[in-house]
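I opened this notebook to record, step by step, what I looked up in one model.

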Amino acid sequence: MDLLAIPRLVFEFAVYLLTVLPDLLPIILALATPLALGALCGVLNERSGVVNIGIEGMMLMSAFFGYLTGFALHQTVGSAVAIWLGIAVAVGVGALLGLLHAWLSVSVRADQIIAGTMMNIAALGVTGYLNRLIITPSGRGGAGVIPPFRIPPELADLPVVGPILAMFLDQGPIAMSVIVFVLVLQFGLFRTRWGLRTRAVGEHPKAADTLGIDVFRQRYLNVILGGALAGLAGAFLTLESTGSFQNGMTGGRGFIALAAMIFGRWTPVGSFLGALLFGTATAFGVVVSVRPAEGDLGVILRSIPTFWYAALPYLLTVVILAGVVGRSVPPAADGVPYAKEGKA
Amino acid sequence: MKRLNPLALISILAILSTSCGTLGIGGGLKIGMVTDIGQLEDKSFNEFSWKGVQDGAKAVGGTAQVIVTKDIADYKQNIQQFVDQKYDVIVTVGFLIGTDTLAAAQANPGIQFFGIDQFICVPADANDKECKGKVPDNYQGLVFNEAQAGYLAGIVAGTITKSGKIGAVGGRSDVPPVVNYIKGYENGAKSVKSNVQVLVNYTEDFNAPDKGEASAKTMISQGADVVFQVAGLTGAGVLRAACNAKVWGIGVDVDQYLSLPDLQSCIVTSAEKRLQNAAGEAIKRFKDKGKQSGNYTNDATNAGIGASPIRNLSPVPAGLEDKIKQATEDMKSGKLKPV
């Protein structure tokens, strides 16, 4: 047995990763976008003390109604306008569903897990039914997708800078907007009055109430804003990524988003990194078979069934939730409805 | 069977009466079809199977009825509805409904069952992996030679590629039809350009268009200028990436130029299973020759597979259509093996 075999393999693997980096980078952000937006929705909700497991359903509904808008209008107003209207409708639908979730969780004080589950089931049924009723029989297509931004080839071909630029700039507008949202929310949550109030009602609503913060108003606001972000994630799926609607197309992304949120310890930047990690795991699974490694490393990587690469993001979820990243503590009042004294 | 099911008896009588040429009450064969999960107008398996069943019913002077399956758990009871209503022929669609179809066929020997895209495997015992058990006399699986269809798609890809690199994205590596399509595709492309490089990726997921898009994007950045999708919904992302990068995409199963209007601009052809033809012919076979059993392969010899018309290329490269025709002929005669 060659003593150096293992270090050599590790070295080869590192070299391999570096060589495929230019292929990995440009596809990560698009894979991470719906997860990141969903995770931000989760952060906004849970930081203010509302658990939302209905992100999946919110995404699906928004994806559908956004697509439907584009589908209905693109022949009269043109594709570009129809797509943007579709995105606006998707965000609006997300916000409306946020309002519904806020009403159930905050005003009615329903069980938040059940409210979220209802959202997911209802979304599947409503979109599946309307899709069958309106879109499929027509045999027509939708409005298409927003064309991705293209960086000039001279820049893209630069040795090191090119792929990095491509990672962030060779993308559609929604994918690029994610970075802005992450930074704005990170700043907002920890550096503004709104953020302080949000965290206060999520940690200790009674204390916040005593200090004159309207707990209900704050929670409503955050859940609605979160819904709008989930709506944008839905719009990404139908109007930026695939250009079509399929029943159940969210495929669990709303739940992986929650894992990304936990990985990021309920912070926007952390959640984004979590989403990027999942995106990278998926991207690696793709690249490893399209650009196989050479030598012994190639033999080893090829001998692993492709299922394991496909399962990588989910394995990561398990590892993360098992606490490898350290204990991740949710906001203290997360999921606990607030009742004003004397009213309960 | 300990007790003869009276319904089964009636169905046997019904079949006997029709096959003797005397029309039963209501006239002709009653043909029922149970779809796979989803919708009838799916522009894919359900829709084209249904068209074929209707063609078949018309050809034999029968009537056709369809039940759309909403959930995997409903397969059994949907089949049973037709059994209870004394249908003569029951057609079920898709690989997943195969187990319930087999059970229904065993329980109702008087009814003819056809399973579209179902390879019937009856193990003789728990250890038998080679399907040595007996297939019921009244159950025929309609399977397709995907490798031949893939081969024809490969000829197109090999002809139109300028870079000498082409790609294929598969849904799952443990689903034999998917693998067969892609193997045929590789060989077809190499028959045209022996040094063509084929990049293959299995996403292990039929429902992830974003993964499909990422796969195709990577292949295209590696220089591939034709991508073939054999990946269901994941494949829509593959074709989308092709459209975005202005390279060619090849569809699968049905003519996707028609089934995916959003992506028409970059679909050059599709590797087709001729579902409509297969379903219609099966019903005619039953009418003409009686009970059908075993696995019936639809391939080049019976126009069961093919390549969709070439789209978007003007002019169509010289000799391409002849090459496809020639390969189809050679597969028909057995001279050409796609895998």
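The entries below go from conventions to whole chains, and then to single elements and residues.

**Entry 1. Conventions**

I noted that this is a predicted model, in which local features need pLDDT of at least 70 and side-chain atom pairs count only at pLDDT 80 or more, while totals for chains, interfaces and linings use all residues. Residues are numbered from 1 along each chain as its sequence is written, and chains are lettered from A and ligands numbered from 1 in the order in which they are written.

**Entry 2. Chain A as a whole**

I looked up the secondary structure of chain A and found 14 helices and zero strands. Here helices are DSSP runs of H or I with at least four residues, strands are runs of E with at least two, and both are numbered from the N terminus. I then checked the overall dimensions: the C-alpha trace of chain A spans about 75 × 55 × 35 Å along its principal axes.

A residue counts as buried if 20 or more other C-beta atoms lie within 10 Å of its own, as exposed if 12 or fewer do, and as partly exposed in between, with C-beta atoms placed from the backbone. Of the contacts in chain A between residues at least 6 apart in sequence, 80% join residues at least 24 apart. Two residues are in contact if their C-beta atoms, placed from the backbone, lie within 7 Å.

**Entry 3. Chain B as a whole**

Chain B has eleven helices and twelve strands. I found that its C-alpha atoms fill a box of roughly 65 × 40 × 35 Å along the principal axes. For 339 residues a compact globule would have a radius of gyration near 20 Å, and the 21 Å of chain B agrees. Buried residues make up 58% of the 339 residues in chain B. Among contacts in chain B between residues at least 6 apart in sequence, 71% join residues at least 24 apart.

I next read off the domains of chain B: domain 1 covers 6–144 + 275–302, and domain 2 covers 146–272 + 309–333. These bounds come from an automatic or database domain assignment. The C-alpha centres of the two domains of chain B lie 31 Å apart. Their contact takes seven residues from domain 1 of chain B and eight residues from domain 2 of chain B.

**Entry 4. Where the chains meet**

How many residues does the contact take from chain B and from chain A? I found 30 residues from chain B and 30 residues from chain A. On the chain B side, the elements that give two or more residues are β7 (197–202), α7 (209–221) and α8 (232–245). The largest share, ten residues, comes from α7(B). By class, the chain B side divides into ten nonpolar, eleven polar and nine charged residues. Ala, Val, Leu, Ile, Met, Phe, Trp, Tyr, Cys and Pro count as nonpolar, Asp, Glu, Lys and Arg as charged, and the others, Gly among them, as polar.

**Entry 5. Strand β10 of chain B and its partners**

Seven of the seven residues of β10(B) (residues 267–273) are buried, so this strand is largely enclosed by the rest of the structure. I looked for its partners, given that two strands pair if DSSP finds at least two bridges between them. Strand β9 (residues 248–253) of chain B runs parallel to β10(B), with five bridges. Strand β12 (residues 305–307) of chain B pairs with β10(B) in the antiparallel sense over three bridges. B:Ala271 is the bridge partner of B:Val252, and B:Ala271 also has B:Ala307 as a bridge partner in β12(B).

**Entry 6. Two positive phi values**

B:Asp253 lies in strand β9 of chain B, and its phi is near 70 degrees, a positive value in a residue other than glycine. B:Asp253 is buried, with 25 other C-beta atoms within 10 Å. A:Arg109 has a phi near 55 degrees and is found in the loop between α3 (79–107) and α4 (112–138) of chain A. A:Arg109 is partly exposed, with 13 other C-beta atoms within 10 Å.

How values were computed
The radius of gyration is taken over C-alpha atoms; the globule rule is 2.2 Å times the number of residues to the power 0.38.
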